[in-house]
Amino acid sequence: PKLDLGLEPTKLVAKVPFFTKIGAHRISEIASMLMPRLVVPGERIINRGEPGTAMYFISSGAVEATTKYQPVRLGSGDFFGELALLTQEPRSATVTAISYCQLLVLQLDDFNRITSAHPYLQERITEVAGKRLDLDMLI
Ligand code: CMP
């Protein structure tokens, strides 16, 4: 039998509640655009100030986003790296793994494809991004 490391994108996508809401039949379509990436504790995933080329969904584990003002912890089911893609500004924070994390990476052109094909995803991502921007401005 095939060795199952739990890395099959469809299974990982199913762990992100955000995706399950859009319906099972679309999950495989989306899974085909997501690249699994395992990161180790302490690994830097995003460097503040760099241009953004991808966003990330956390299927397990936790990361810390070090914004200019305060660190924010994100975990299973959360996503990050969306701001630079939406605003076309440099990365607003450095994001570091604080445990082993199984991530799903969505490259910029697939991000554009997914968000135009699935308005629900576009709205959810924009809503969360808006709150983060407000928070980063306020603090
Ligand atoms: P981006 O700016 O592309 O890269 C750094 C990421 O850190 C950013 O996207 C967000 O996903 C995340 N981030 C920045 N500020 C916050 C915040 N206040 N709360 C949660 N996540 C944040």
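**Chatting through a predicted model**

Student: Is Gln88 buried or exposed?
Tutor: Gln88 counts as exposed, because its relative accessibility is 73% and the cut-off for exposed is over 50%. Keep in mind that this is a predicted model.

Student: Where is Gln88 found?
Tutor: Gln88 is in the loop between H4 and strand S7 (94–97). Its phi is positive, about 60°, although Gln88 is not a glycine.

Student: OK, on to H4. Which helix does Leu85 lie in, and what are its residues?
Tutor: Leu85 lies in helix H4, which covers residues 82–87. Leu85 counts as buried, because 7% relative accessibility falls under the 20% cut-off.

Student: What is Leu85 in contact with, leaving aside neighbours within four places in sequence?
Tutor: With those neighbours left aside, Leu85 contacts Gly52, Thr53, Ala54, Met55, Leu108 and Phe111. Also, Leu85 and Gln107 are 22 residues apart in sequence, and their C-alphas are 9.6 Å apart in space.

Student: Switching topic: how many aromatic pairs are there?
Tutor: The count comes to 2 aromatic pairs. One of them is Tyr56 with Phe80, which is stacked: 5.1 Å centre to centre, with 10° between the planes.

Student: Why does the Tyr56 and Phe80 pair tie together parts apart in sequence?
Tutor: Because Tyr56 lies in strand S3 (residues 54–60) and Phe80 in strand S6 (residues 79–80), the pair links parts that are 24 residues apart in sequence.

Student: And are Tyr56 and Phe80 buried or exposed?
Tutor: Tyr56 is buried, and Phe80 is buried too.

Student: What sits over the ring of Phe79?
Tutor: That would be the charged end of Arg132, 5.2 Å from the centre of the Phe79 ring.

Student: How far apart in space are Val105 and Arg132?
Tutor: They are 20 Å apart, C-alpha to C-alpha, and 27 residues apart in sequence. Val105 is in strand S8 (residues 101–107) and is buried, with a relative accessible area of 7%. Setting aside neighbours within four places in sequence, Val105 is in contact with several residues, including Met33, Leu34, Met35 and Tyr56.

Student: Now helices. At what angle do the axes of H5 and H6 cross?
Tutor: The axes of helix H5 (residues 108–117) and helix H6 (residues 119–138) cross at roughly 110° and come within 5 Å. So H5 is roughly perpendicular to H6.

Student: Which residues make the contact?
Tutor: From H5, the contact uses Phe111, Ile114, Thr115 and Ala117, and from H6, Pro119, Leu121, Gln122 and Ile125. Of these residues, 6 are nonpolar, 2 are polar and none is charged.

Student: What about His118, where is its place?
Tutor: His118 is in the loop between H5 and H6. His118 counts as buried, at 5% relative accessibility.

Student: What does His118 touch, not counting residues up to four places away?
Tutor: Ile22, Arg26, Glu29 and Ile30.

Student: Last one: is Val63 buried or exposed?
Tutor: Val63 counts as buried, since its relative accessibility is 0%. Val63 is in strand S4 (residues 62–66). Not counting residues up to four places away in sequence, Val63 touches a list of residues, among them Ile45, Ile58, Val72, Phe80 and Cys101. Val63 and Val39 are 24 residues apart in sequence and 9.9 Å apart in space, C-alpha to C-alpha.

Key
Residues numbered from 1 in each chain as written. Predicted model: local features only at pLDDT ≥ 70, side-chain atom pairs only at ≥ 80, totals over all residues. Heavy atoms only, no water. Phe/Tyr/Trp six-rings, centres within 6.5 Å; stacked < 30°, edge-to-face > 60°. Helix = DSSP H or I, 4+ residues; strand = E, 2+ residues; numbered from the N terminus. Buried < 20%, exposed > 50% of the residue type's maximum accessible area, 1.4 Å probe, protein only. Lys NZ or Arg CZ within 6 Å of the ring centre and 35° of its normal. Axes fitted to C-alpha atoms, helices over the stretch in contact; angles between N-to-C directions. Parallel < 35°, antiparallel > 145°, perpendicular 65-115°, else oblique. Contact = heavy atoms within 4.5 Å. Nonpolar A, V, L, I, M, F, W, Y, C, P; charged D, E, K, R; others polar.
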